[in-house]
Amino acid sequence: MAQQEDVFKKIVSHCKEYGFVFPSSDIYDGLGAVYDYGQNGVELKNNIKQYWWQSMVLLHENIVGIDAAIFMHPTTWKASGHVDAFNDPLIDNRDSKKRYRADVLIEEQMAKYEDKIQKEIEKAKKKFGDSFDEAQFRATNARVLENQEKYDNLHHRFQTVMNAEGGIDLDGMKQIILDEEIVCPISGTRNWTDVRQFNLMFSTEMGAAAEGASKIYLRPETAQGIFVNYLNVQKTGRMKLPFGIAQIGKAFRNEIVARQFIFRMREFEQMEMQFFIQPGTELDWFAKWKETRMKWHQNLGFGAENYRFHDHDKLAHYANAATDIEFHMPFGFKEVEGIHSRTNFDLSQHAKYSGKKIEYFDPERNESYTPYVIETSIGVDRMFLSIMCHSYEEQKLADGQTRTVLHLPAALAPVKLAVFPLTKKDGMPEKAQEIINDLRFHFNCKYEEKDQIGKRYRRMDAIGCPFCVTVDQQTLEDNTVTLRDRDTMEQRRVAIADLRGIIEDKVSITSLLKNLL
Ligand code: GAP
């Protein structure tokens with residue numbers, strides 16, 4: 001566990017050192033849970049967005065995109081339920097004056113019991129070697145059984161308070177914190193306030209005059225921008241059910257516990273698609289979208305074992321099925337994407353609050369109805385983090401040295417080809433520039449002439465550049481270069497004229513998309 005935490009810390013500093021992610025307003029010491037993407041980060045992020053957008057809009061004839069405004073009419077959020085129910089339970093420690101999410105404190109306590117069990121298992125594994133039988137050990141070891149019982153009791157109590165009739169039982173939650181003797185990590189005391197609900201939406205005012213200004217919200221999800229445009233798109237696009245509307249855009253949540261770098265941010269980006277369907281077909285479409293989205297993730301080649309579905313036991317009142325796609329991050333399996341069967345809740349609510357008829361006339365059934373919706377919702381930043389975590393490697397080389405390399409999927413890498421002149425003379429820089437001038441229209445190229453070739457390779461490995469080309473004396477004679485592969489570090493001599501053909505297919509988003517069909 002500690003080792004994984006170290007790896008994660010290294011990934012965070014690597015992101016800063018190599019221009020992927022910076023703390024926001026860094027010169028003012030940052031702003032909590034807000035981050036900026038640097039020169040390499042923005043390229044990787046754009047490639048992720050392209051991969052998603054094209055898989056939705058190019059590969060599906062019945063999915064179109066929109067780009068709705070961040071500011072929306074305030075009634076939107078009343079209708080969607082966010083004004084009344086988009087809350088987290090929070091608790092303050094009176095001594096440290098620090099604020100926590102009460103549910104997270106309890107989840108961390110459960111994780112402590114799980115850790116204790118895991119430590120016993122690891123110890124026994126080492127002691128007994130190949131003959132170790134984990135199932136038997138779990139069923140008989142006294143310390144494991146004791147911690148398992150504590151975990152099960154806590155889990156049961158937690159589920160009960162979270163699912164209480166009429167919403168979360170806040171008093172029950174505080175009682176758990178007291179009974180479990182959970183202390184504030186800063187002050188070390190148990191001097192807790194009551195648990196209160198805290199709305200996660202940021203608000204601001206629109207309009208100049210104080211009296212005339214109205215309170216509006218920064219959208220906490222992009223989905224509502226799609227719902228309120230359902231009629232516009234259906235009518236102007238003459239869309240027939242089933243059809244989808246996709247959108248990529250910023251969302252804002254005033255997260256109480258903002259941790260784990262870009263995993264939980266206050267300003268983040270979502271890629272959401274609402275798929276409008278006939279009522280009664282939703283469970284089939286839900287299963288289909290689960291499969292489609294999992295395929296999209298696994299297509300990146302990170303190994304099927306690093307993904308899992310987490311089907312929700314407890315559903316929001318408007319949903320009749322929901323699942324998360326979780327990815328194996330250094331801090332455990334974590335949600336990257338949610339897939340939800342949202343019934344006709346959102347469209348019906350907007351119809352009710354706007355007074356507009358929001359329906360679909362089905363020519364085959366000769367009747368009008370409110371479509372049902374399957375939603376796929378993925379965070380760009382979480383996707384970015386999962387890719388960085390999986391790609392980062394500190395590799396021991398045969399000569400005893402270590403190199404840090406990002407094994408990014410070539411189609412997502414910020415720079416696809418780096419071109420180096422071996423020396424800064426004899427026309428080599430000019431030849432290198434010539435190659436770049438020719439290839440820059442097809443993919444992202446970078447020119448580097450500083451330092452020895454070995455150092456230049458390392459810098460390119462660290463940003464995940466899949467190919468490097470060196471221009472040397474021989475190039476000037478026969479128009480060939482050495483082409484070096486990031487992952488194998490193998491070098492081969494190729495003709496400059498062949499470079500585009502060798503590289504382009506491997507680094508294009510199209511190469512990824514083709515595997516999805
Ligand atoms: N419209 C449905 C919706 O917003 P969600 O599960 O709240 O559902 C969807 O969010 C996805 O958005 C999550 O799976 C996650 O990838 C991303 N996300 C949510 N909150 C986030 C945050 N604070 N920071 C970064 N990403 C976040």
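This is a predicted model: local features need pLDDT of at least 70, side-chain atom pairs count only at pLDDT 80 or more; totals for chains, interfaces and linings use all residues.
A residue counts as buried when its relative accessible area is under 20%.

A pair of aromatic rings is described by the distance of the centres and the angle of the planes. The model holds 19 aromatic pairs. One of them joins Tyr100 and Trp192 edge-to-face, with 5.7 Å from centre to centre and 85 degrees between the planes. Tyr100 belongs to strand β5, whereas Trp192 is in the loop between α8 and β6, so the pair ties together parts that are 92 residues apart in sequence. Both Tyr100 and Trp192 are buried.

Phe263 and Phe331 also pair edge-to-face, because their ring planes stand at 80 degrees, with the centres 5.6 Å apart. Phe263 and Phe331 are both buried. Elsewhere, Phe227, Tyr230, Phe243 and Phe276 make up one aromatic cluster.

Charged side chains also lie over rings. Lys290 is placed over the face of Phe309, 4.6 Å from the ring centre, and the charged end of Arg293 is over the ring of Trp296, 4.3 Å from its centre.

Turning to the backbone, most residues other than glycine have a negative phi, and most peptide bonds are trans. Phe261 has a positive phi, near 60 degrees, and lies in the loop between β9 and β10. Because its relative accessibility is 10%, Phe261 counts as buried. Met489 has a positive phi of about 65 degrees and is partly exposed, at 29%. The peptide bond from Leu241 to Pro242 is cis, and Pro242 is in the loop between α10 and β9.

Key:
Residues are numbered from 1 along each chain as its sequence is written. Side-chain values use heavy atoms; hydrogens and water are left out. Helices (H or I, at least four residues) and strands (E, at least two) are DSSP runs, numbered from the N terminus. Buried means under 20% relative accessible area, exposed over 50%, partly exposed in between (1.4 Å probe, protein chains only). Rings of Phe, Tyr and Trp (its six-membered ring) pair if their centres lie within 6.5 Å; planes under 30 degrees apart count as stacked, over 60 as edge-to-face and the rest as tilted. A charge sits over a ring if NZ of Lys or CZ of Arg is within 6 Å of the ring centre and within 35 degrees of the ring normal.
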